[in-house]
Amino acid sequence: MKKNILILNGPNLNLLGEREPETYGTMTLPQLNSRLTSYAGKKGAVIRARQSNHEGELIDILHAHRKWAAGIVFNPGAYSHYSYALRDAIAAILVPTIEVHLSNIKKREKFRRTSVIEPACVAQLYGKGAASYFTAIDMLLKKK
Ligand code: DQA
């Protein structure tokens, strides 16, 4: 059976490529999404990629995909560090979700070291740039 995977990016990630490239790299979000789509496609998976700068919209997207998605790769951006509403949304939908970050959140400012999203997720990957997204897809595809 085909696995449907939602790639969800939160605030400011629409500016990838131009936003602090020394921290987040030079790849744009459309480039990243198209690479993830072809990577997952070769493994028989279907990708839907969404991005929003708004907490409530991210929650709506999670809810809307709860029946469609077999897994979710989620970079919640700065919401990771304080959005209990997003954490509750992930817990509510019961879809295995992997939290990803491009940068190493454990080695940056103190406020980034904690994620309130992590307890609701099956894994957290960070500090490897775009590779975290690809690893997350592999991990989800290995799940039964
Ligand atoms: C980020 C890390 C967050 O702390 C930051 O607010 C982001 C990007 C990352 O991918 O490294 O927007 O999630």
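The model is predicted, so local features need pLDDT of at least 70, side-chain atom pairs count only at pLDDT 80 or more, and totals for chains, interfaces and linings use all residues. Residues are numbered from 1 along each chain as its sequence is written, and side-chain values use heavy atoms, with hydrogens and water left out. Helices (H or I, at least four residues) and strands (E, at least two) are DSSP runs, numbered from the N terminus.

**Helix H2 against helix H5**

- Two packed helices are described by the angle between their axes and the distance between the axes.
- The axes of H2 (residues 29–42) and H5 (residues 131–142) come within 11 Å and cross at roughly 30°.
- That makes H2 roughly parallel to H5. Angles under 35 degrees count as roughly parallel, over 145 as roughly antiparallel, 65 to 115 as roughly perpendicular and the rest as oblique.
- Axes are lines fitted to C-alpha atoms, for helices over the stretch in contact, and angles run from 0 to 180 degrees between N-to-C directions.
- The crossing of H2 past H5 is right-handed. In a right-handed crossing the near helix is turned clockwise from the far one by less than a right angle; anticlockwise is left-handed.
- On the H2 side, Leu-32, Arg-35, Leu-36, Tyr-39 and Ala-40 make contact (heavy atoms within 4.5 Å). Their partners in H5 are Tyr-133, Phe-134, Ile-137 and Asp-138.
- The residues of this H2–H5 contact comprise seven nonpolar, two charged and no polar. Ala, Val, Leu, Ile, Met, Phe, Trp, Tyr, Cys and Pro count as nonpolar, Asp, Glu, Lys and Arg as charged, and the others, Gly among them, as polar.

- The structure holds two aromatic pairs. Rings of Phe, Tyr and Trp (its six-membered ring) pair if their centres lie within 6.5 Å.
- One of them joins Tyr-39 and Phe-134, with ring centres 5.0 Å apart and planes at 85°, so the pair is edge-to-face. Planes under 30 degrees apart count as stacked, over 60 as edge-to-face and the rest as tilted.
- This pair links distant parts of the chain: Tyr-39 in H2 and Phe-134 in H5 are 95 residues apart.
- Tyr-39 is partly exposed, at 25% relative accessible area. Buried means under 20%, exposed over 50%, and partly exposed in between (1.4 Å probe, protein chains only).

**Helix H3 against helix H4**

- The axes of H3 (residues 55–64) and H4 come within 10 Å and cross at roughly 5°. That makes H3 roughly parallel to H4.
- Glu-55, Leu-58, Ile-59, Leu-62 and His-63 in H3 meet Ala-85, Leu-86, Ala-89, Ile-90 and Ile-93 in H4.
- Eight residues of the H3–H4 contact are nonpolar, one is polar and one is charged.
- Ala-89 belongs to H4 (residues 84–93) and is buried, at 4% relative accessibility.
- Not counting residues up to four places away in sequence, Ala-89 touches Ile-59, Leu-62 and His-63.
- The C-alpha atoms of Ala-89 and Ile-59 are separated by 6.1 Å, although these residues are 30 apart along the chain.

**Buried polar and charged side chains**

- His-101 lies in strand E4 and is buried, with a relative accessible area of 4%.
- Beyond four places in sequence, His-101 touches residues including Asn-75, Pro-76, Ser-80, Leu-125, Tyr-126 and Ser-132.
- Arg-112 sits in the loop between E4 (97–101) and strand E5 (123–126). Arg-112 counts as buried, at 15% relative accessibility.
- Leaving aside neighbours within four places in sequence, Arg-112 contacts Tyr-24, His-81 and Ile-105.

**Loop residues**

- Most residues other than glycine have a negative phi, and most peptide bonds are trans.
- Asn-12 has a positive phi of about 75° although it is not a glycine. Asn-12 lies in the loop between strand E1 (3–9) and helix H1 (21–24), partly exposed at 38% relative accessibility.
- Leu-94 also has a positive phi, near 60°. Leu-94 is in the loop between H4 and E4 and is exposed, at 75% relative accessibility.
- Arg-66 is in the loop between H3 and strand E3 (71–75). Arg-66 is partly exposed, at 43%.
- Leaving aside neighbours within four places in sequence, Arg-66 contacts Ile-93 and Val-95.
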